[in-house]
Amino acid sequence: AIRAPVTGHANNVAAWAGFLAVFTALWIGTLEIMRAGEVFLLDHIAVQAALSIYWSMFSIVCVLIGFRIRTAPLRYFGLTLFAITLLKIVLVDLSNLSTGYKFLSFMGLGLLLLGTSVLYGRVSPRLLKSEPTPDMENQP
């Protein structure tokens, strides 16, 4: 089967549609967690912790899928969401904790960041090694 080459415009439309789909999934999940907090009468700290966990897991899934389907913007979205989540944890979630728990939380966050950077550094070259270059895509 002969496939017509994808034009630049169609590529842009597909990229924006994909971004909107991913962002919508993140938004709907966030709204559902907030709604569940109201329904089950959870306190503010529990809802914020649940949001942080959901955003962290969502960002990891975005990075993994971005590697799997070789889509750099999805990986970057996942890493950006991860950074935003870490800022949220530091600025919002830790504001109500005592000094000892803050210390332990910062140690945990540091280990999480270190683990993420090591994993990304080791996994990305292996997964992207066989990524086709633009010249290879045009060959029969």
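## Helices α2 and α3

On the α2 side, the contact is formed by Q48, L51, S52, W55, S56, F58, S59, C62, V63, I65, G66 and F67, and on the α3 side by L74, R75, F77, G78, L79, L81, F82, T85, K88 and I89 (contact means heavy atoms within 4.5 Å). These residues comprise 13 nonpolar, 7 polar and 2 charged. Here Ala, Val, Leu, Ile, Met, Phe, Trp, Tyr, Cys and Pro count as nonpolar, Asp, Glu, Lys and Arg as charged, and the others, Gly among them, as polar.

The model is predicted: local features need pLDDT of at least 70 and side-chain atom pairs count only at pLDDT 80 or more, while totals for chains, interfaces and linings use all residues. Residues are numbered from 1 along each chain as its sequence is written, and side-chain values use heavy atoms, with hydrogens and water left out.

Two packed helices are described by the angle between their axes and the distance between the axes. Helix α3 covers residues 72–91, and its axis lies 7 Å from that of α2, at an angle of about 160 degrees. The two helices are therefore roughly antiparallel (angles under 35 degrees count as roughly parallel, over 145 as roughly antiparallel, 65 to 115 as roughly perpendicular and the rest as oblique). Axes are lines fitted to C-alpha atoms, for helices over the stretch in contact, and angles run from 0 to 180 degrees between N-to-C directions.

## The chain as a whole

The secondary structure of the protein chain consists of 5 helices and 0 strands, and its elements follow the order α-α-α-α-α from the N terminus. Helices (H or I, at least four residues) and strands (E, at least two) are DSSP runs, numbered from the N terminus.

The chain has 140 residues, of which 22% count as buried (buried is under 20% relative accessible area, exposed over 50%, partly exposed in between, with a 1.4 Å probe and protein chains only). Among contacts in the chain with a separation of 6 or more, 58% join residues 24 or more positions apart.

## Helices α1 and α2

Helix α1 spans residues 8–39 and helix α2 spans residues 44–68; their axes come within 10 Å and cross at roughly 160 degrees. This angle makes α1 roughly antiparallel to α2. Their crossing is right-handed.

In α1, the residues V22, A25, L26, G29, T30, I33, M34 and G37 meet V47, A50, L51, Y54, W55, F58 and C62 of α2. The residues of this contact divide into 12 nonpolar, 3 polar and no charged.

S59 is located in helix α2. Its relative accessible area is 1%, so S59 is buried. With neighbours within four places in sequence left aside, S59 is in contact with G78, L81 and F82. S59 is also 33 residues from L26 in sequence, while their C-alpha atoms are 9.4 Å apart in space.

S52 is likewise placed in helix α2. S52 counts as buried because its relative accessibility is 5%. Residues up to four places away in sequence aside, S52 touches T85, K88, I89 and D93. Between S52 and T30, the separation is 22 residues in sequence and 9.6 Å from C-alpha to C-alpha.

R75 belongs to helix α3. With a relative accessibility of 5%, R75 counts as buried. Not counting residues up to four places away in sequence, R75 touches C62, V63, G66, F67, R70, Y120 and L128.

## Two loop residues with positive phi

L41 sits in the loop between α1 and α2. Its phi is near 55 degrees, a positive value in a residue other than glycine. L41 counts as exposed because its relative accessibility is 74%.

R70 is in the loop between α2 and α3. R70 is not a glycine, yet has a positive phi of about 55 degrees. R70 has a relative accessible area of 32% and is therefore partly exposed.

Methods:
A crossing is left-handed if the near helix is turned anticlockwise from the far one by less than a right angle, and right-handed if clockwise.
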